[in-house]
Amino acid sequence: MTDNIEGKVVVIVGASSGLGAETARHLAKAGAKVVLGARRVERLTALADEIGVSHDAVVQTDVVDAAQVKALVDRAVELHARIDVILNNAGLMPHSPLERLKIDDWNQMIDVNIKGVLHGIAAALPYMQAQKSGQIINVSSVAGHTVRPGGVVYSATKHAVRVISEGLRQEVKPHGIRVLTLSPGAVATELTDHITEADVAKGIRDFYEEYAIPADSFARCVLFAMSQPEEVDINEILFRPTSQQ
Ligand code: NDP
């Protein structure tokens, strides 16, 4: 599963914890050149030290700001003269029922989960078009295939990611660019830490404690899609814990 990975330049957006950090570990071990972005720069530099990556490949990035995402991708190209993969992974899941009117949480999810992905695409696409190659991996969710009470806005953002990915796939086909939507179920990360409603947070944490699987499940999916020959474009991966409904 490590064919076609060594030497590839991979920008990981949202690399400071959870799925992004674990993927960085797997990719570095497989010989990829990772470039790490997120807001918590101290977490990124600690990860860079752990996996033997220069601090030059760490860029403090808030995905809400398109210019910061462009600076992250530009850094990858400055360092390595190309970008092979962007993993648009930054995301938040502050669940709550709509009737509680947590408008700030809604807006934050729209800004990070949707606009953040678009900003990643905007930053990487011109380079990939010029190269006539590249792979864009956008992180959706099982919630991007369904909707449940309490998770409506999150689900809406993850449905949007799937639509954006599929439309992008069709548009960039002539440029030799591959596009994957990767949709995990419950995976143990810090995702449940940002739920602002105490009762909702408890319910979700109990669920995650019972069902969540380790983050290497996600990293292995990324490596699987990357490792296919360039003419093979894996477009959708949906996975979940075997025990999750
Ligand atoms: P974590 O909370 O552990 O990681 C989220 C990552 O997103 C962090 O690196 C965080 O970095 C980054 N992030 C959040 N906001 C911003 C921002 N404004 N700018 C830049 N980076 C940001 O959770 P996960 O690893 O689980 O989440 C990764 C992705 O996986 C998300 O898109 C999530 O929706 C998706 N997902 C996760 C599932 C799960 O069960 N874990 C299931 C389905 C999908 P920082 O705070 O330092 O900026």
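1. For what follows, two strands are taken to pair if DSSP finds at least two bridges between them. The model is a predicted one, and with that in mind the pairing of strand β1 (residues 9–13) with strand β4 (residues 85–88) can be read as parallel, carried over four bridges. Within this pairing, Val13 has Asn88 of β4 as its bridge partner.

2. These two strands belong to an open sheet of seven strands, which run in the order β3-β2-β1-β4-β5-β6-β7 with parallel pairing. The edges are held by β3 (58–60) and β7 (236–239), and since each has a single partner strand, one side of each is left without a neighbour in the sheet. If direction is ignored, neighbouring strands of the sheet are turned against each other by 15° on average.

3. Helix α4 packs on this sheet, where it touches β1, β4, β5 (134–139) and β6 (177–184), and the direction of α4 makes about 170° with that of β5.

4. Two helix contacts of α4 deserve a separate look, the one with α5 being taken up here. Helix α4 (residues 103–131) packs against helix α5 (residues 152–172) at an angle of about 15°, and their axes lie 9 Å apart. Because of that angle, α4 counts as roughly parallel to α5, and α4 passes α5 in a right-handed crossing. On the α4 side the residues that meet α5 include Trp106, Met109, Ile110 and Asn113, while those of α5 include Val153, Tyr154, Thr157 and Lys158. By class, this contact of α4 with α5 has 13 nonpolar, two polar and one charged residues.

5. The contact with α3 can be described in the same terms. The axes of helix α3 (residues 66–80) and α4 come within 8 Å and cross at roughly 35°, and the crossing of these two helices is right-handed. From α3 the contact draws on Ala66, Val69, Lys70, Leu72, Val73 and Val77, and from α4 on His119, Gly120, Ala122, Ala123, Ala124 and Tyr127. Sorted by class, the residues of the contact of α3 with α4 are nine nonpolar, two polar and one charged.

6. Which residues come nearest to the ligand? Of the 29 residues around the ligand, these are Gly14, Gly18, Arg39, Arg40 and Gly91. Helix α1 (residues 18–29) gives the most to the shell around the ligand, contributing three residues, and the residues of the shell divide into 14 nonpolar, ten polar and five charged.

Methods: Residues numbered from 1 in each chain as written. Predicted model: local features only at pLDDT ≥ 70, side-chain atom pairs only at ≥ 80, totals over all residues. Near = placed C-beta within 6 Å. Nonpolar A, V, L, I, M, F, W, Y, C, P; charged D, E, K, R; others polar. Axes fitted to C-alpha atoms, helices over the stretch in contact; angles between N-to-C directions. Parallel < 35°, antiparallel > 145°, perpendicular 65-115°, else oblique. Left-handed = near helix turned anticlockwise from the far one by under 90°. Contact = placed C-beta atoms within 7 Å.
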